[in-house]
Amino acid sequence: MMVMAGKLTWDAELYEARHGFVWELGAGLVDLLDPKPGERILDLGCGPGQLTNTIAGRGAAVMGLDSSPAMIGQARQNFPELSFILEDAAAMEFDEPFDAVFSNAALHWMLDAEGVARAITRVLRRGGRFVAELGGKRNIRTIVTAIEDTVARYAAGAIPLARTYFPALGEYSALLEGCGLEVRTAQLFDRPTALEGTDGMANWIRQFKWYYFEGLPAQQRKQALEETVDELRPALYRDGQWIADYRRLRVMAVKE
């Protein structure tokens, strides 16, 4: 991940090669969505398209949407028979409404949470459902604390602003309700997540939190990353396996 012109850019190849758990752990969310043949469904923040393809496999007419050109390019390469569009979620408009909007591990990157919620309501038919999972309150707190402590030592206390939105259950439910979505179920839960390989934590940070390090001189970034990983080892390296301290917020809501 890099920041260009104030916007996050993604390494789609690293994401797909090392972080398959993102869509693998989303399989249960597809079951909650329960797509039916012929339904029109939007996969919001589709990434490289694996769950879009899973939804299509249930017989639904699915479209994937993402604001990352790299992710959309990868999705189109992976699944050329499916429809993917490059668009900002808060600005999306469609001529025909959707029966459902689905989103896995993407909404926490969309900082205009209210704008996105209003857009979701806008593109759903009345009675249509919204099924999503995102990072919840205190998600990856241990990792972020270690990163910020390390970067602060190198950058004289100047820490980049976090580029994620991890809401509390009540906070997010109220936001959705205020945008015309009736929350039917909401759950906040811990989900410690195994990372791949002995470099799992370093690869995770390069993929998801590298923007913290980009303001450092190039020669210091590698050292700062190594120090961060060393700081995390006692808490998150167990029996030869790196673990990310994920907390997830899962919701299902219906357009009133």
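Colleague: What does Phe94 count as, at 22% relative accessibility?
Modeller: Phe94 counts as partly exposed (buried is under 20% relative accessible area, exposed over 50%, partly exposed in between, with a 1.4 Å probe and protein chains only). This is a predicted model, where local features need pLDDT of at least 70, side-chain atom pairs count only at pLDDT 80 or more, and totals for chains, interfaces and linings use all residues. Residues are numbered from 1 along each chain as its sequence is written, and side-chain values use heavy atoms, leaving out hydrogens and water.

Colleague: And Phe98, buried or exposed?
Modeller: Phe98 is buried, at 1% relative accessible area. The ring centres of Phe94 and Phe98 are 5.0 Å apart with planes at 90 degrees, so this pair is edge-to-face (centres of Phe, Tyr or six-membered Trp rings within 6.5 Å; planes under 30 degrees apart are stacked, over 60 edge-to-face, the rest tilted).

Colleague: How many aromatic pairs are there?
Modeller: Eight in the structure. Trp109, Trp204, Phe208 and Tyr246 also form one aromatic cluster.

Colleague: Which residue lies over the face of Phe98?
Modeller: That's Arg40, 4.1 Å from the ring centre (Lys NZ or Arg CZ within 6 Å of the centre and within 35 degrees of the ring normal). Arg163 has its charged end over the ring of Tyr211, 5.8 Å from the centre.

Colleague: New topic: what order do the sheet's strands take?
Modeller: The open sheet has seven strands, E5-E4-E3-E6-E7-E12-E8, with mixed pairing (strands are DSSP E runs of at least two residues, numbered from the N terminus; a pair needs at least two bridges).

Colleague: Which strands stand at the edges?
Modeller: E5 (83–86) and E8 (181–190); each has a single partner strand, so one side of each lacks a neighbour in the sheet.

Colleague: How many bridges join E3 to E4?
Modeller: Five, between parallel strands at residues 40–44 and 61–66. Leu42, for one, has Met63 in E4 as its bridge partner.

Methods:
Helix = DSSP H or I, 4+ residues; strand = E, 2+ residues; numbered from the N terminus.
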